[in-house]
Amino acid sequence: MVATDPNWAEQVTAIATAVGAIGLLGAIIAAIFAGQQVAEARQSRQAVLAADFFRRWDDHDLVETRRLVGQFRSRDELAAAFRRYIADNSAEAFVLYRELDYFNLIKLLLGRTLVARWEMWQPSIAAMPGDGYPMFGGLVEKMRAALTAPTP
């Protein structure tokens, strides 16, 4: 009579296959979980970055800069004073540089991301009735120009 029970090789193969399947399932679950963690970490970083921008805008140094800028009646008056400050290597020049550096930092950190997000959303926005999000589109146009402009 032929034995119908599995031999030891078949049993080991079945156990190894089951362990492998469980391991593969665990790896898939871990990959999904890791993907969610990466997305949450990205959102957290973006929230921290936004909060930092708001905090810096109201920080003493930038408030001092905005007060100094506010003393000038026109942009031409500001430009003339700024040229003078730079020529004299005065502290006011460095105070005014703070605001320029702040906005340059925004361009460096958010510029390409802003354009990429617009490109992602643009077909959906175009499908909306009316002129959806014109400020977003305008900001992207300006950012594209700033990113492609040669640096002085």
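**Figure 1. Arginine 55 and aspartate 52 joined by a salt bridge.** In this predicted model, the side chains of arginine 55 and aspartate 52 meet in a salt bridge, with 2.5 Å from N to O; the term stands for a side-chain nitrogen of Lys or Arg within 4 Å of a carboxyl oxygen of Asp or Glu. Because they are 3 residues apart in helix α1 (residues 8–57), arginine 55 and aspartate 52 are separated by about one helical turn, where helices (H or I, at least four residues) and strands (E, at least two) are DSSP runs, numbered from the N terminus. An α-helix has 3.6 residues a turn, so residues three or four places apart point the same way. Arginine 55 is partly exposed, with a relative accessible area of 46%, and aspartate 52 is also partly exposed, with a relative accessible area of 22%; buried means under 20% relative accessible area, exposed over 50%, and partly exposed in between, with a 1.4 Å probe and protein chains only.

Residues are numbered from 1 along each chain as its sequence is written, and side-chain values use heavy atoms, with hydrogens and water left out. This is a predicted model, in which local features need pLDDT of at least 70 and side-chain atom pairs count only at pLDDT 80 or more, while totals for chains, interfaces and linings use all residues.

Figure 2. Arginine 56, at 36% relative accessibility, counts as partly exposed.

Figure 3. The side chains of glutamate 119 and arginine 144 meet in a salt bridge, with 3.0 Å from N to O. This pair links distant parts of the chain, with glutamate 119 in helix α4 and arginine 144 in helix α5, 25 residues apart. Glutamate 119 counts as partly exposed at 47% relative accessibility, and arginine 144 is partly exposed with a relative accessible area of 33%. Side chains of opposite charge can pair when their charged atoms come close.

Figure 4. In α5, the residues Gly137, Val140 and Met143 are buried. Seen down the axis of α5, its buried residues fall within an arc of 125 degrees, so they line one face of the helix; the arc is that of the directions from the helix axis to the C-beta atoms. On the other side of α5, Met135, Glu141 and Lys142 are exposed. What covers the buried residues of α5 includes α4. The 15 residues of α5 (residues 134–148) should span 21 Å at 1.5 Å a residue, and the end C-alpha atoms are 21 Å apart, which agrees; the expected span is 1.5 Å times one less than the number of residues.

**Figure 5. Helix α4, its bend and its packing.** Helix α4 has 36 residues and reaches 48 Å from its first C-alpha to its last, close to the 52 Å expected at 1.5 Å a residue. At leucine 110, α4 bends by about 50 degrees, the bend being the angle between axes fitted to the seven residues ending there and the seven starting there. The buried residues of α4 include Ala93, Val95, Leu96, Tyr102 and Trp118. These buried residues of α4 pack against α1, α2 (60–70), α3 and α5, where contact means heavy atoms within 4.5 Å.

**Figure 6. Threonine 65 in helix α2.** Threonine 65 has its place in helix α2, and at 0% relative accessibility this threonine counts as buried. Not counting residues up to four places away in sequence, threonine 65 touches Val95, Leu96, Arg98 and Glu99.

**Figure 7. Serine 90 in the loop between two helices.** Serine 90 lies in the loop between α3 (75–88) and α4 (91–126), and at 15% relative accessibility serine 90 counts as buried. Serine 90 and isoleucine 15 are 75 residues apart in sequence and 79 Å apart in space, C-alpha to C-alpha.
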